[in-house]
Amino acid sequence: MKITKRALIVASMAFMALMLYKWGHVDGREGKSSGIISDAIAAEKSPKASPVKAHARDFYAPNSEDLGPDEMRLIACGTGMPTARPKQAASCWLLELGNGDKFIFDVGTGSAERIAAMQIPYNYLDKVFLSHLHTDHFGDLDALFVGGALAGRQKPLRVWGPKGDTPERGTKYALDHLFKALTWDLDGRAGITDPRGYQPFEVTEFDYKGVNEIIYQENGVTIRSIPAIHSLDGPVSFIVEWNGLKFAFGGDTYPNKWYAKYAKGADLAIHECFIAVPDMITKFQFTPQSALAVGTQIHTAPEAFGKIMSIVKPRMAVAYHFFKDFDTTGPINDRIRTTYDGPLSLAEDYMVWNISKDDIRVRMAIYDEDAWPPPATEKPQLPDASLRIPYSDFIVGGKYDVKDVIQPTYDEINKKYGLKEKQD
Ligand SMILES: [Zn+2]
Ligand SMILES: [Zn+2]
């Protein structure tokens, strides 16, 4: 049979299209791909391309898609390490549920910027769960707290986190002191903006030794805590269940029996997976001794990640906590694949998973670099201006007189909004 060049091109394009769909849509059960692939084949038979109409795109644009009532959307807002880098903030995971609930798991250094890129009103982002108190897991809590309150969170920020083995190593101690550290910041805002978001953190501490104990149960969502093994006593991981879907979020840990047992069968299971030891030595400048200790004992080595996922058997396994570059991804993947052959995402910032009972879709988010705050869900409340803390006479005495050039702005705004505001 003679095969023409054109037939070969058409066949290879169809195959590429099929592989692209397969890459984006994976139903991990039995390792089979989802029904979307048959749609792709159908599309091949009758192309829908048009010179004037938009066609389907394979990225997630924040604030452009409804979330289905039975759907879960997870966004990686930080997948990196304690040492900052432009491409990867530290651990932060934004979970959105079809019932309207949203949860933030960890809020590591640099992640508040990624959360902002998702364009979600801050009133919806009032629940944070901390796996432990390393800065790469809670270092941007202050940015979310103050920046969120300034941009429309009109309620206190609720935070769940483990008790330590001593009160000083617990979440409440850390957050009480973080709030105190913000004294100058918060005092300076008194009497100027809506005060409701700046109230002290509402902290719920729970025993880090609790095994699969419920720490949150509201609106059909149950969140349980399991212990983790990392650095000191105290770290935990979380298991979320809602609407027949199960999501496991592993904070930092040496591989442990609790995650292996209680994350089992999760629709989506996140677990840390550290940089391969050779790369820690050559690229991160660790000594071989420290690289072995940190990369295999304090954290989970890629081969051990694979071993845990072979037991958990999630519909989708997610590995994070490594600098993901063109030359580190291969070694990590190869090492995981020595012990695990199931569905796998090697996470990077802005990766998005849409999870339903029938499908798991993995995409990257493309966001607006120039994002402004999303709309507030309620009208801002005017503050009590009498609470404003005045400057001293000394500082007031240093003011240069620019009233004449500012007054036109007062006139303009007073006229436009029917106000009678006066300069200080
Ligand atoms: Zn840690
Ligand atoms: Zn960490």
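This is a predicted model: local features need pLDDT of at least 70, side-chain atom pairs count only at pLDDT 80 or more; totals for chains, interfaces and linings use all residues.

Student: Which protein residues are the donors of the zinc ion (ligand 2)?

Tutor: Donor atoms of the protein lie 2.0 to 2.2 Å from the zinc ion (ligand 2). In sequence their residues follow the spacing D-H-x114-D-x68-H. They are D136 (OD), H137 (NE2), D252 (OD) and H321 (NE2).

Student: Which residue bridges the zinc ion (ligand 2) and the zinc ion (ligand 1)?

Tutor: The two zinc ions lie 3.4 Å apart. The bridging residue is found in the loop between strand 10 (245-249) and helix 8, while H321 is in the loop between strand 12 (317-320) and helix 12 (326-336), so the pair ties together parts that are 69 residues apart in sequence. The bridging residue is D252.

Student: Which strands are the edge strands of the open sheet?

Tutor: The sheet has eight strands in the order 6-5-4-3-2-1-14-15, with mixed pairing. An edge strand pairs on one side only. The edge strands are strand 6 (202-206) and strand 15 (360-364).

Student: Which residue of strand 4 is the bridge partner of I104?

Tutor: Strand 3 (residues 102-107) and strand 4 (residues 127-129) run parallel and are joined by two bridges. The partner of I104 in strand 4 is V128.

Student: Which strands does helix 5 touch as it packs on the sheet?

Tutor: Helix 5 covers residues 141-150, and its direction makes about 140 degrees with that of strand 3. The strands touched are strand 3, strand 4 and strand 5 (158-162).

Student: Is D267 buried or exposed?

Tutor: D267 is found in the loop between helix 8 (257-262) and strand 11 (268-272). Its relative accessibility is 10%, and the limit for a buried residue is under 20%. D267 is therefore buried.

Student: What is the distance of the polar contact between the side chains of D267 and R315?

Tutor: Leaving aside neighbours within four places in sequence, D267 is in contact with several residues, including K246, R315 and I360. I360 is 93 residues away from D267 in sequence, with a C-alpha to C-alpha distance of 8.7 Å. The polar contact joining the side chains of D267 and R315 is 2.9 Å.

Methods
Residues are numbered from 1 along each chain as its sequence is written. Chains are lettered from A and ligands numbered from 1 in the order in which they are written. Side-chain values use heavy atoms; hydrogens and water are left out. Helices (H or I, at least four residues) and strands (E, at least two) are DSSP runs, numbered from the N terminus. Buried means under 20% relative accessible area, exposed over 50%, partly exposed in between (1.4 Å probe, protein chains only). Contact means heavy atoms within 4.5 Å. A polar contact is a pair of N or O atoms within 3.5 Å; within protein, one must be able to donate a hydrogen and the other to accept it, and residues adjacent in sequence count only if both atoms are side-chain atoms. Donors are N, O and S atoms within 2.8 Å of the metal (3.2 Å for Na, K and Ca); water is not among the atoms, so sites may look incomplete. Two strands pair if DSSP finds at least two bridges between them. Axes are lines fitted to C-alpha atoms, for helices over the stretch in contact, and angles run from 0 to 180 degrees between N-to-C directions.
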